[in-house]
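Work through the exercises below with the sequence and the model side by side. Try each task before reading its solution.

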Amino acid sequence: MSDLRDLYQQVILDHNRKPRNFRKIADANRTAEGYNPLCGDRITVEVRVEDGIVKDAAFQGAGCAISKAAASMMTASVIGKPETEVDALFRDVHAMLTGANGGPADVGKLAVFAGVREFPSRIKCATLAWHALQAALHGAGEPVSTE
Ligand code: ZN
């Protein structure tokens with residue numbers, strides 16, 4: 001674990017200690033669970049989408065510092081964004097973490113996860129919440145209705 005210490009930057013540690021949007025959404029209309037068997041991370045992402053806008057996003061579950069920090073920062077970054085922008089951000093984050101397409105244009109604060117690329121076994125921890133969010137938004141998960 002010692003060589004992972006450099007990876008745990010201050011921002012990631014902070015989000016792990018005090019995860020943002022670590023809660024349930026009473027009127028969520030999309031949800032999906034993500035599981036990363038390599039690490040044991042298990043995260044459920046809930047969102048409330050109205051008129052194509054992600055009005056609210058939250059997560060619950062248990063996992064390593066990276067998976068929790070990634071979910072925390074993801075929910076904070078997508079609230080208020082149109083689904084199309086969220087999809088674009090997912091592609092950029094995925095590109096940053098995997099090096100696909102020569103890397104992303106601009107991921108803002110999420111750039112703190114760029115270091116995860118040096119630790120291939122942790123990439124799935126960082127992308128878990130994003131994959132769950134994609135499943136929730138695009139119906140591959142198990143949508144729930146509060147109607
Ligand atoms: Zn993990």
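Residues are numbered from 1 along each chain as its sequence is written, and side-chain values use heavy atoms, leaving out hydrogens and water.

**Exercise 1. Find which element has the lowest mean pLDDT and which the highest.**

Step 1. pLDDT is the predictor's confidence in each residue, from 0 to 100. The chain averages 86, and 86% of the residues score at least 70.

Step 2. Compare the elements; helices (H or I, at least four residues) and strands (E, at least two) are DSSP runs, numbered from the N terminus.

Step 3. Turn to residues 143-147, where pLDDT stays under 50. Where pLDDT is low, the predicted coordinates should not be read in detail.

**Exercise 2. Describe how strand 2 pairs with strand 1 and with strand 3.**

Step 1. Two strands pair if DSSP finds at least two bridges between them. Strand 1 and strand 2 run antiparallel, joined by seven bridges. Glu33 is partnered by Thr44 of strand 2.

Step 2. Four residues separate these strands in a hairpin, and Gly40 in the turn has a positive phi of about 90°.

Step 3. Strand 2 and strand 3 also run antiparallel, with nine bridges. Ile43 is partnered by Gly61 of strand 3. This hairpin has two residues between its strands, and Asp51 in the turn has a positive phi of about 50°.

**Exercise 3. Identify which residues coordinate the zinc ion.**

Step 1. Look for donors: N, O and S atoms within 2.8 Å of the metal (3.2 Å for Na, K and Ca); water is not among the atoms, so sites may look incomplete.

Step 2. Cys39, Asp41, Cys64 and Cys125 coordinate the zinc ion at 2.2 to 2.7 Å. Their spacing is C-x1-D-x22-C-x60-C.

Step 3. Cys39 lies in the loop between strands 1 and 2, and Cys64 in the loop between strand 3 and helix 2, so the pair ties together parts 25 residues apart in sequence.

**Exercise 4. Check the span of helix 4 (residues 120-137).**

Step 1. The expected span is 1.5 Å times one less than the number of residues.

Step 2. For 18 residues this gives 26 Å; the end C-alpha atoms are 26 Å apart, which agrees.

Conventions
Predicted model: local features only at pLDDT ≥ 70, side-chain atom pairs only at ≥ 80, totals over all residues. Contact = heavy atoms within 4.5 Å.
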